[in-house]
Amino acid sequence: MSDLPVSLLDMRQALSRREVSARELLDGCIAHITATDDRINAFTRRTLERAYGEADAADAVLRRASPEQRSLLPPLLGIPYAVKNLFDVAGEVTLAGSRLHRSRPPASTDAVLVTRLRDAGAVLVGMLNMDEFAYGFTTENSHYGACHNPHDTTRVAGGSSGGSAAAIAAGQVPLTLASDTNGSIRVPSSLCGVWGLKPTFGRLSCRGTYPFVASLDHLGPLSDSVEGLALAYDALQGADPEDPACLARHTQPVLPHLAVADQRPLRVAVLDGYFQEFAGPAARAAVASAAQVLGAADAVTWPDAAVARAAAFIITASEGGALHLESLRTRRDEFEPLSVDRFISGVVQPAAWSVRAHRFRSMNRARVLALFEQWDVLLAPATPVVAPLIGSEWIDINEQRLPCRPSLGLLTQPISFVGCPVISAPFWPSQGNGLPMGVQLIAAPWREDLAFRAAQILQLSGLAHVNLNSHLIEPDADRRQQAATTGHVTHG
Amino acid sequence: MSGAVPPVALAAQDVRDYVARAASVLGISLDDAAITRVAEHFTRTTALARVLETVKLNDDVEAAAVYSPAPFPEPISAPRVDQA
């Protein structure tokens, strides 16, 4: 295999020009997964028969299209992607990272978002590792093995969507789908250095995915560029009358916003207080870089951030535990050892705590919305620290010792609690010693377009980018580094 | 914002007793080791519940049963109901 494009945009261009076929791209993709996944453990299942069927169908469309018609082809035609293994895929068991689900029947149909990517021409390569039932921030899954960070395989990939971020960072696929209840897209995006979008709560249909905390669950894409993220996000949008939690009534594409020049300057500020208290040196440096590029000179305070985090934690424990009550009674020994006690703790919580948390959420939402009357985008670190070592029990943040697994979501939980859309932008501060750090680009509900505009500015600055050149992934890292600087990355 | 007074700190044995009895009510039987582990998590959650209780909530603040982050913006071209 040689000279096959790796990035989503390069793949798209090469396919459009008929320089490569979707089947050839898929061959390269599978070969790369085979060569790397014993070190990364991003995939729990490969869907090769389906993938080749979808790739051949894409090639048939490409062959029939005249050069004039190629700009009108489905937006992700022939692009390989993979999904967190809580998405239903027809004919496959939806594991949700659990051993308990192995005996379940295969899904009869695809999840809505998988159907939408299929309609957009994308090629499903497989299903990805995650924390059991999405309850975790590290993807140290005892049943399927820990997912390793491609930039340092002794470190966690983040979670709960660790496989979804690691697969992109390792150059295995340029696009994945994942879920985010308290930070499960943003935390692994930060620790693996990829672009991730948690859309507005209720924006995308959740039908056909295994839930964690229905009142907080979001789904979204991760990709290797802002444009890749936007192409996927636009393809995923649409109303779903059969999902009562899908509040979107029509699509609001973001790609047109990225193409328009001379737009009104963005009003950007940095979140202070709580978001600095729990930010280590690399996190602070990444936000400072983003603020400089975006001209963010002012600091603002997110209302009651610590309370919002506490409330999100309490709702999560209660709803998550209640969902699994029957299994906790009868099959407790089959649960993930790292999370089963937290599930039980949640299920025995006083109901008064959860009710109060929901009532607070209602009040907190109103105060957060008021912030966005003055600001378009707010900045905060996505994680307190860069990726910890696998097995870490504690992390130190500004002289505070905190439990590692729940604390990686300290900075994401208050934001998703009120449903704001967030893009995690990958930065590479020197304080990270080669490891990435995500910056959250937070916008008002239903204003993903503003977060995308900020992301595009950061990408154009050259400071926020995916780095597929880790020597841990490819033996010929030097060549990949050289290719990356010319904007064309190829597999060796 | 300050409001309700947080409850007093719970003794470790009280937490263990609560966890064991609440689990029993729900049909979950726990051995001593499991009670200890769950009680550690429960104690951590108790501290967060105290943070939550520092906020004053008026009685008319309702739980968001079907949560909507903000009104969904309708397209400018959408017909009004009385015109449809």
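**Ground rules**

I number residues from 1 along each chain as its sequence is written, and I letter chains from A and number ligands from 1 in the order in which they are written. Since this is a predicted model, local features need pLDDT of at least 70 and side-chain atom pairs count only at pLDDT 80 or more, while totals for chains, interfaces and linings use all residues; side-chain values use heavy atoms, with hydrogens and water left out.

**Chain A, overall**

I started with the secondary structure, and chain A has 18 helices and 17 strands. Here helices (H or I, at least four residues) and strands (E, at least two) are DSSP runs numbered from the N terminus.

Next I looked up the radius of gyration, taken over C-alpha atoms. A compact globule of 492 residues would have one near 23 Å, and the 21 Å of chain A agrees with that. The globule rule I used is 2.2 Å times the number of residues to the power 0.38. Along the principal axes, the C-alpha atoms of chain A fill a box of roughly 60 × 55 × 45 Å.

I then checked burial: 66% of the 492 residues of chain A count as buried. Buried means under 20% relative accessible area, exposed means over 50%, and partly exposed lies in between (1.4 Å probe, protein chains only).

For contacts (heavy atoms within 4.5 Å), I took the pairs in chain A at least 6 apart in sequence, and 76% of them join residues at least 24 apart.

**Chain B, overall**

Chain B has two helices and zero strands. Of its 84 residues, 31% count as buried. Among the chain B contacts with a separation of 6 or more, residues 24 or more positions apart account for 62%.

**The cores**

Which residues touch the most other members of the largest nonpolar core? I found Trp302(A) and Leu379(A), in a core of 186 residues. Leaving out residues up to four places away in sequence, I see Trp302(A) touching several residues, including Leu271(A), Phe275(A), Phe372(A), Pro414(A) and Ile442(A). Apart from that core lies another, of five residues, and among them are Leu247(A), Trp446(A), Ala70(B) and Phe72(B). By a nonpolar core I mean a set of buried Ala, Val, Leu, Ile, Met, Phe, Trp, Tyr and Cys residues joined through side-chain atoms within 4.5 Å.

**Helix H7 of chain A**

Helix H7 of chain A covers residues 226–236, and ten of its eleven residues are buried, so the helix is largely enclosed by the rest of the structure. The buried ones include Val226(A), Tyr233(A) and Asp234(A). After H7(A) comes Gly238(A), with a positive phi near 150°.

**Gln252(A)**

I found Gln252(A) in the loop between H7 and helix H8 (255–259) of chain A. Gln252(A) is partly exposed, with a relative accessible area of 22%. Tyr233(A) is 19 residues from Gln252(A) in sequence and 9.9 Å away, C-alpha to C-alpha. What does Gln252(A) touch, not counting residues up to four places away in sequence? I noted Arg203(A), Asp234(A), Gln237(A) and Trp446(A), along with Phe72(B) and Pro73(B).

**Glu393(A)**

My last stop was the loop between strand S13 (377–381) and strand S14 (394–397) of chain A, where Glu393(A) is found. Glu393(A) is partly exposed, at a relative accessible area of 46%. Neighbours within four places in sequence aside, Glu393(A) is in contact with Leu402(A), Pro403(A), Cys404(A) and Arg405(A). Glu393(A) and Arg45(A) are 348 residues apart along the chain, and 29 Å separates their C-alpha atoms.
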